[in-house]
Amino acid sequence: MSTFLLIPLKKKKAKSPINSGHGLRLDFVVLQISKKDFDGFKKLFHRFLQVKGPSIDWAKISRPPEDSIQPYERIRAKGLPEDIAAALNRLVVVKLNGGLGTSMGCKGPKSLISVRNENTFLDLTVKQIEHLNKTYDTNVPLVLMNSFNTDEDTKKILQKYTHHRVQIHTFNQSRYPRINKESLLPIAKSMGADGEGEAWYPPGHGDIYARKEYIFVSNIDNLGATVDLFILQHLMSQPQDKRCEFIMEVTDKTRADVKGGTLIEYEERLRLLEIAQVPKAHVDEFKSVTKFKIFNTNNLWISLPAIKRVHDANALDLEIIVNPKTLDGGLNVIQLETAVGAAIKSFKNALGVNVPRSRFLPVKTTSDLLLVMSNLYSLDAGSLTMSKKREFPTTPHVKLGSSFTKVQEYLRRFENIPDMLELDHLTVSGDVTFGKNVSLKGTVIIIANHGDRIDIPAGAMLENKIVSGNLRILDH
């Protein structure tokens, strides 16, 4: 939570128009960095300097015991509580809302990008929770963990939800200085962020544990991360002496997920292993879909009393993730980050739940955006579900080229979103546009070489086709 440090100055006669003619008054200098942020960064940086070599001894890694990762079907089979409302009233939904839409060519918070029927990520989240509250007559609040990049714009837009049946609260992620990779000195020249936006960063989501709530936490751009009543019931129904304090939702790894963090057993504890912690000699082994079969969705369920106990005991030893970046001017910097899931090792009776892939539906690129905007998904009360008309439970593999990277350019290239119900694979590269009511089936590859342009005509049906060269439909 951002705070302000107020420094009283000596009383003096007014000379400026602001306080002229009124004698003495007390002025304050507001420094836009909190003592809490400074202390947090100091501890993180000190730990970074102390760490020698990888934080993981590869020889000590083993697969987690079978009973430590439960199949979702087994949890679902236990049914729901008699009083669903009572369970929901003990829950707070936290969405990680610190990211910008810059990777998709947008300005401002990523959560404000329209993803379906002109609904933004935030709109869909509010609708989901409002539907819960109306259906079960509950009061499940939404808490947004903003960063200094997203806080102001997010708070402005929250006014539109005043009359929705959901209480919305916000708090600010910490603000830490980026470090010059060579000198290991902060690149910021002052404590204020004005004009020095690149000098600061939000340090991952590990610092959410400073807030004491009973939470379901997930990324706001994961459209599959809805409140699951069966997982909630499992979390709350365990005997007191075997109370599950931390549930991490995992799902089966595919070739597209090889870099995702996975669960391991390490020194007799369940632990999250991120690719940044893996020694270079074992990276290929880590990416294997046969040895490490599941990955972290970052949908987490955590007990409030446990959070309070661990936080008060200062027992959150989150691994430091060193994230190298290159700024626009070419300067190489590093960001010291922590991940919320890394805390699993600090909680008792922690558990992984292997959930259906439908609970992991992130939108990181316009390729992902095409999927969720298409008829592959139906929208109901803010939740996206796979259309019953699709014969296969898996989503198509879509790869759009650099001409589609920015959202505005992507939207310009589709007169409307193609029918993709029977699509398995789509690759598009180069200057390509799609007319209205195009249908894509099977494997479709469209490649416009440099200097060429391909216009897919309105009403076209492409099934197991490779389209290349130059194809233009001209108005006359």
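Which residue in β11 is the bridge partner of Met145? I looked this up to start the notebook, and found Phe171 in β11. The model I am reading is a predicted one.

**Entry 1: β10 and β11**

I followed the two strands that hold this pair. Strand β10 covers residues 142–146 and strand β11 covers residues 168–172; they run parallel and are joined by five bridges. I then traced how the chain gets from β10 to β11. The path goes through helix α5, residues 151–157, and the β-α-β crossover is right-handed.

**Entry 2: the whole chain**

I stepped back for the totals. I noted 10 helices and 30 strands in the protein chain. The chain has 476 residues, and 49% of them are buried. I also looked at contacts with a separation of 6 or more: 67% of these are between residues 24 or more positions apart.

**Entry 3: Thr138**

Thr138 lies in the loop between α4 (121–136) and β10.

I turned to strand β19, residues 294–302. How many of its nine residues are buried? I found nine of nine, and wrote the strand down as mostly covered.

I then checked which strands pair with β19. Strand β15, residues 215–219, pairs with β19 in the antiparallel sense over three bridges. In that pairing Ile215 stands opposite Ile302. Strand β16, residues 246–252, also pairs with β19 in the antiparallel sense, over seven bridges. Here I found Ile247 opposite Trp301.

**Entry 4: helix α8**

Next I looked at helix α8, residues 304–312. Which of its residues are buried? They are Ala306, Ile307 and Val310. Viewed down the axis of α8, these buried residues fall within an arc of 100°, so they line one face of the helix. I asked what covers the buried residues of α8, and the cover includes β15 and β19. Those two strands are the antiparallel pair from the previous entry. Just after α8, Asn314 has a positive phi of about 55°.

**Entry 5: a sheet of three strands**

I looked up the open sheet with the order β5-β17-β18, whose pairing is antiparallel. Which strands stand at its edges? They are β5 (61–62) and β18 (269–273); each has a single partner strand, so one side of each is left without a neighbour in the sheet. Strand β17, residues 262–266, runs antiparallel to β18, and five bridges join them. One of the residue pairs I noted is Glu265 with Leu270, the latter in β18.

**Entry 6: a sheet of four strands**

I moved on to an open sheet of four strands, with the order β25-β26-β28-β30 and parallel pairing. Its edge strands are β25 (397–400) and β30 (461–468), each pairing on one side only. Neighbouring strands in this sheet are turned by 15° against each other on average, direction ignored.

At the β25 end I counted bridges: four join β25 to strand β26, residues 419–429, and the two run parallel. The bridge partner of His397 in β26 is His425. I then looked for a helix against this part of the sheet. Helix α9, residues 366–373, packs on the sheet and touches β25 and β26. The direction of α9 makes about 130° with that of β25.

**Entry 7: Ser374**

I ended with Ser374, in the loop between α9 and β23 (377–380). Ser374 is buried, with a relative accessible area of 2%. Which residues does Ser374 contact, leaving aside its neighbours within four places in sequence? I listed Arg116, Ile417, Pro418 and Met420.

Note on methods
Residues numbered from 1 in each chain as written. Predicted model: local features only at pLDDT ≥ 70, side-chain atom pairs only at ≥ 80, totals over all residues. Heavy atoms only, no water. Buried < 20%, exposed > 50% of the residue type's maximum accessible area, 1.4 Å probe, protein only. Pairing = 2+ DSSP bridges. Right-handed = clockwise from strand over helix to strand, strands pointing away. Axes fitted to C-alpha atoms, helices over the stretch in contact; angles between N-to-C directions. Contact = heavy atoms within 4.5 Å. Arc of directions from axis to C-beta.
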